[in-house]
Amino acid sequence: MTASRDCRLYLLTPPAFEPAAFADTLARALDAGDVACLQIRLKDVPDDQVRRAIERLLPVAQSRNVAVLINDRPDLAAEMGADGAHIGQDDMDQAKARKIMGPNAVLGVSAYDSRHRAMVVAEDGADYVAFGAFFPSTTKEPPARAGLDLLEWWQALMEVPCVAIGGITVANCADVVRAGADFLAVTAGVWNYEAGPAQAVTDFNREIARALEDEGPAPGRG
């Protein structure tokens with residue numbers, strides 16, 4: 001039985017890391033299975049520290065055909081040659097972010113648990129909409145909690161891809177996949193995985209494939 005849609009892994013960096021050491025960890029993780037995207041997410045640090053992280057991680061990811069997005073900083077994404085940026089509700093204006101990066105860059109926008117916000121940012125040209133948190137997160141206190149019905153609603157209605165985020169693990173990801181997530185955004189679920197990040201990527205891909213097989217062919221979108 002073949003599913004008519006896909007779901008892929010979307011990694012976020014840990015909240016703090018040493019770029020050289022983490023680059024090796026990242027390389028092993030990316031070599032362990034399919035990963036669509038890496039978001040470099042460093043909060044409340046100097047710009048030069050973010051630049052050093054991008055400089056070290058960008059070639060590791062891009063050489064493996066993994067897109068690199070910068071959290072909150074479309075300006076640094078454009079400056080450093082990243083593939084795009086992700087912005088939240090309190091970050092840079094969406095139109096300004098698009099102007100800075102240009103029409104071909106990837107721009108993702110958080111919608112949290114808001115159907116209205118999701119529709120607006122999608123209509124305004126977001127390349128994907130992020131929903132969550134779906135589970136309690138050890139990385140940050142989420143601004144909202146989202147239900148799986150939100151993914152089902154979006155999958156049935158819209159063609160713009162959706163990213164599910166917030167406390168997603170190997171153990172709980174299947175329901176999120178079946179509900180309609182196009183991407184699973186994961187931080188602690190990979191970097192803090194008991195068997196190591198590389199094994200986490202392998203195990204996530206196994207669980208995603210199983211969930212899509214269980215789902216079977218889905219109706220067309222849009």
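N71 is found in strand 3, which spans residues 67-71. In this predicted model, N71 counts as buried, because its relative accessibility of 8% falls under the 20% limit. The UniProt record, in an unreviewed entry, lists N71 under "binding site".

**N71 and the annotated positions**

- Leaving aside neighbours within four places in sequence, N71 is in contact with Q39, I40, R41, K43 and H86.
- The "binding site" positions that UniProt lists in the unreviewed entry are Q39, I40, R41, L42, K43, N71, S110 and K140.

**Aromatic pair of F22 and W191**

- The count of aromatic pairs in the model comes to five.
- One of them joins F22 and W191, with 4.8 Å from centre to centre and 70 degrees between the planes, an edge-to-face arrangement.
- F22 belongs to helix 1 (residues 19-30) and W191 to helix 8 (residues 188-191), so this pair ties together parts that lie 169 residues apart in sequence.
- F22 is buried, with a relative accessible area of 7%, and W191 also counts as buried, at 12% relative accessibility.
- F22 and W191 form one aromatic cluster together with F17.

**Aromatic pair of F131 and W154**

- The ring centres of F131 and W154 lie 5.5 Å apart; the pair is edge-to-face because the planes stand at 75 degrees, and an angle over 60 degrees is classed in this way.
- F131 is in strand 6 (residues 128-132) and W154 is in helix 6, so the pair links distant parts of the chain, 23 residues apart.
- F131 is buried, with a relative accessible area of 0%, and W154 counts as buried at 0% relative accessibility.

**Packing of helix 5 and helix 6**

- Helix 5 (residues 115-123) and helix 6 (residues 148-157) pack at an angle of about 35 degrees, and their axes are 12 Å apart.
- The crossing of helix 5 and helix 6 is right-handed.
- Helix 5 contributes R115, A118, M119 and A122 to the contact, while helix 6 contributes D149, L150, W153, W154 and L157.
- By class, the residues of this contact divide into seven nonpolar, no polar and two charged.

Conventions: Residues numbered from 1 in each chain as written. Predicted model: local features only at pLDDT ≥ 70, side-chain atom pairs only at ≥ 80, totals over all residues. Heavy atoms only, no water. Axes fitted to C-alpha atoms, helices over the stretch in contact; angles between N-to-C directions. Helix = DSSP H or I, 4+ residues; strand = E, 2+ residues; numbered from the N terminus. Left-handed = near helix turned anticlockwise from the far one by under 90°. Contact = heavy atoms within 4.5 Å. Nonpolar A, V, L, I, M, F, W, Y, C, P; charged D, E, K, R; others polar. Phe/Tyr/Trp six-rings, centres within 6.5 Å; stacked < 30°, edge-to-face > 60°. Buried < 20%, exposed > 50% of the residue type's maximum accessible area, 1.4 Å probe, protein only. UniProt positions renumbered as here; feature names shortened; annotations may be inferred.
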